[in-house]
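Here are my notes on the model you sent. They cover helix packing, the nonpolar core and a few backbone angles.

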Amino acid sequence: MTKSLRKSVFIALIVAGFASFQNVWAQAKVQQAPNTYSLEDCIRIALETNPQVKISELQVKTNENVFQQSKWQRWPSLNFNAGQGFSSGRNIDPFTNTYVQQSVNSSNYQLGASMVVFNGFQLQNSIKRNDTNLKASQKDLDAARNDLMLNVALSYLQVITNEELIEVAQRQVDASELQVERTGKLVAAGTLAESNLLDLKAQLANDELSLVNAQNNRETAKLSLKQLMNMPGGEQIEVVKIPVKDPTLQPYDASIQEVYDVALGNLPQMKAAELRVQAARQNIDIAKGAGMPSLSLSGGMGTAFSSAAPNQRFIADGTGSTTIEVPSATSFVSYQGISVPVIQRVTTPNGRLQDFGYFNQLDGNRNSSVSLSLRIPIFNQFQVKYNVSNAKIQEMNAKYQSQQVQLSIRQNVEQAYIDMNNSAKRYSATANQVQALSETFRVAQVRFDVGAINSVEYNIAKANLDRANSNLIQTKYDYVFRTKILDFYMSRPLSDF
């Protein structure tokens, strides 16, 4: 985690700084050569093609969906069900709910709705928790982008550093070639011994090897940069050189504590950790809500059809009724030995028989219902108790992780501050060394030209100066880079190099 966090720190600093510089510098350049990329270009391409960043982006989208869906949980649910059945033999007529000995074709339709009225604020707390998780994943995405941008910036700087080292190495080769050419003439004239020429040729070979090594290092740095950009390794690319001023070695204007305090409020890792602590606390509220009463409301409409129902029904027309006298077929009276049927008066509404088809049944069999359901948990094997306990444990775990991130930030800030001071000391010492060795080499050059020293002493003076110049370039970039790390922690503009 510490290593990853230190990487993240390097990022925006180089990104924001170099990107700002590119915007200004781009206005001054006439046209960028083909296959030439600025730092802004490299970072953009890497962010567009890196799989790890894409995975983090998908996680953000997933959490966004979870959050949006949890908000819809507050709305009622609506469902429609339909069924079709066929049966034969002795069956229950779904229309009359009586046994029939025939084949029955039946249909039923149900439209139902339900919603949670109250469930211990679990819905509200779930929405809050999912919103917090969404924000945390967005911070994780920021951290993933930071990590990638840092690696791109490091490789980009490494390419530029090696290009400057190539320039130094080339100057060393040119100087050695001139010295070999001059000494060769003096040897041919008999002024100097041939051993001097051989020593200078050996020094020239060493300088050429240093040039080749610098060129190889540049190609290695380019390969690393191309891999981060998901480019083929064989593709030829060039980078836009960023001019970096020589450091002034002024003391940094913020203390370690000031840098640390600002970093805590800006690094996405810290904000993500704090959000996860908040989400864990909301999980406790959700677990507690399961122990509270819940109230739900439901309602529905339905209808049915049965082929066992009669195809015709008597339908009153609403015009009144008619009374008629009907002789009974079962009741009789005897008079003088003669059986006479009892006359019954039957009153029936006025109307007529009508066909009663499929849709008539559906219309006539409609029904509706509304219900309110209350659930009060009494004893559920202590599930709520232990779920709450586990949620509290997870909250403590999130707090410890947050403390670990905070500790890592402090350690990284302290290390960065010390590294910056040490780098400043190394640059100052190297600059003084170059100045001293430049004068030493100048004197050695004069003395060698007049034959006061041999080629071995001359080569030693030249090699010392060459190494010092290479070290000066490396310590220069190292100091500038470590200073910008602190600027990143301080959320300062990074365009001034």
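1. Helix α4 passes helix α7 in a left-handed crossing; a crossing is left-handed if the near helix is turned anticlockwise from the far one by less than a right angle, and right-handed if clockwise. The axes of α4 (residues 122–188) and α7 (residues 268–289) come within 8 Å and cross at roughly 160°. That angle makes α4 roughly antiparallel to α7 (under 35 degrees counts as roughly parallel, over 145 as roughly antiparallel, 65 to 115 as roughly perpendicular, and the rest as oblique). Axes here are lines fitted to C-alpha atoms, for helices over the stretch in contact, with angles from 0 to 180 degrees between N-to-C directions. The residues of the contact of α4 with α7 divide into seven nonpolar, eleven polar and nine charged. Ala, Val, Leu, Ile, Met, Phe, Trp, Tyr, Cys and Pro count as nonpolar, Asp, Glu, Lys and Arg as charged, and the others, Gly among them, as polar.

2. This is a predicted model: local features need pLDDT of at least 70, side-chain atom pairs count only at pLDDT 80 or more, and totals for chains, interfaces and linings use all residues. Residues are numbered from 1 along each chain as its sequence is written, and side-chain values use heavy atoms, with hydrogens and water left out. Helices (H or I, at least four residues) and strands (E, at least two) are DSSP runs, numbered from the N terminus.

3. The axes of α5 and α10 come within 9 Å and cross at roughly 20°, so α5 is roughly parallel to α10. The crossing is right-handed. Helix α10 (residues 455–489) has 35 residues and should span 51 Å at 1.5 Å a residue; its end C-alpha atoms are 51 Å apart, which agrees. The expected span is 1.5 Å times one less than the number of residues.

4. Which residues touch the most other members of the largest nonpolar core? They are Val152, Tyr156, Val259, Ile409 and Tyr489, in a core of 80 residues. Such a core is a set of buried Ala, Val, Leu, Ile, Met, Phe, Trp, Tyr and Cys residues joined through side-chain atoms within 4.5 Å. The largest share, 19 residues, comes from α4.

5. Gln381 lies in the loop between β10 (367–375) and α9 (383–449), with phi near 55°. Gln381 counts as exposed because its relative accessibility is 53%. Phe382, in the loop between β10 and α9, has phi near 60° and is partly exposed at 46%. Buried means under 20% relative accessible area, exposed over 50%, and partly exposed in between (1.4 Å probe, protein chains only).
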